Amino acid sequence: MKIQQSACKWCYPKMSVEELAQASAKLGIVGMDLISPEEWPAAMKHGIRPVMSNGPTTIGEGMNRRETHATLEPAFRRIIDQAAKEKIPSVICFSGSRRGMSDEEGWDHCRLLLDKVKTQAEDRGVQLVMELLNSKVDHKDYQCDHTPWGVELVKRVGSPNFKLLYDIYHMQIMEGDVIRTIRENIQYIAHFHTGGVPGRNEINDSQELNYATVARAILDTGFKGYFAHEFIPKRDPVTSLREAVMLCDV
C-alpha cells in the first residue's frame with residue numbers, strides 16, 4: 001500500500017478498539033487515530049499502531065485561552081512522555097473557540113503554550129498536530145478554521161514538531177481548492193483526515209470529492225505520514241472502510 005492509512009476510532013462507536021484493530025489489520029490499515037493511552041494496548045495487540053493520540057485540549061476549550069495554560073502545560077508534558085515511551089508519533093491539539101478573540105490574540109496565546117512544550121516534543125520525537133476544522137457547519141466559532149490561519153501559527157512557533165492536521169472534509173467546506181492548497185502548504189502539514197462532503201459519510205462517488213485523485217496528489221508531494229479515514233459509515237462499517245482503503249490505495 002503506497003499511502004499509510006489509518007482509521008479514526010470515534011467513527012465506529014459500535015466496535016471496540018480491539019474489533020476495529022482486527023478489522024483494520026485485515027484491510028491493510030496500519031494505524032488508528034484519536035485513541036487515549038488506556039486504549040493503545042488493544043490496538044497494538046493486533047499490530048495496529050496508535051498514530052494520533054487524543055490530547056488535553058478540546059475543540060471548544062483549546063490553546064487560545066491563556067487562563068487554561070497552567071493546566072494544559074503539565075497535561076501536554078504527560079501525554080508527550082507517554083507517547084514517546086510507546087512510540088506514538090503524534091498528539092492532536094485544538095485552537096479552541098474564538099469567543100470574540102482576534103486572529104492576533106489567538107496566534108499569540110497558542111504560541112505561548114506551544115513555546116513551553118515544543119522543546120520536549122522535539123526531544124521526545126513526538127509531533128503536536130493542530131486540526132483545521134470548519135466553523136461553517138460543524139464547529140461554529142472554532143478559530144483554526146482556515147489553512148492560512150494554521151500555517152501562520154506553525155510559522156510563528158517555528159518547530160519541526162508542530163504542524164497541522166489537514167482535514168480534507170473540513171477544508172473542502174471552508175475553502176475548497178483542496179489539491180492546490182495541499183501542494184502549496186505540504187511543508188506545514190503532518191497528517192490528513194478524510195470524510196465525504198456533504199454529510200461526512202462514505203468517500204465514494206456519493207459525494208463531491210474525488211478521493212483517489214486527492215490521495216494521489218498527496219503522495220506526489222512526497223508525503224510520508226498518515227492518511228486517516230474519519231467518515232461516519234451509513235452502511236456496514238467494515239464494508240465502507242474496505243471501500244475507502246481500496247479507493248485511496250493509488
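Hi everyone, let me start with a term: buried means under 20% relative accessible area, exposed means over 50%, and partly exposed is in between, with a 1.4 Å probe and protein chains only. By that scale arginine 156 is partly exposed, because its relative accessibility is 29%.

A word on where the numbers come from. This is a predicted model, where local features need pLDDT of at least 70 and side-chain atom pairs count only at pLDDT 80 or more, while totals for chains, interfaces and linings use all residues. Residues are numbered from 1 along each chain as its sequence is written, and side-chain values use heavy atoms, with hydrogens and water left out.

My topic today is charge pairs. Side chains of opposite charge can pair when their charged atoms come close. The cut-off here is a side-chain nitrogen of Lys or Arg within 4 Å of a carboxyl oxygen of Asp or Glu, and that is called a salt bridge. Searching the whole structure gives 17 salt bridges.

Back to arginine 156, then. Its partner is glutamate 104, and the closest N and O atoms are 2.6 Å apart. This pair links distant parts of the chain, with glutamate 104 in helix H4 (residues 103-124) and arginine 156 in helix H5 (residues 147-157), 52 residues apart. For helices and strands, I mean DSSP runs numbered from the N terminus: H or I of at least four residues for helices, E of at least two for strands. Glutamate 104 counts as partly exposed because its relative accessible area is 44%.

Arginine 111 and aspartate 115 both sit in helix H4, 4 residues apart, which is about one turn of the helix. Their closest N and O atoms are 2.7 Å apart, in a salt bridge. Arginine 111 is partly exposed at 23% relative accessibility, and aspartate 115 is partly exposed too, at 28%.

So which residue pairs with arginine 200? That would be aspartate 167, with the closest N and O atoms 3.9 Å apart.
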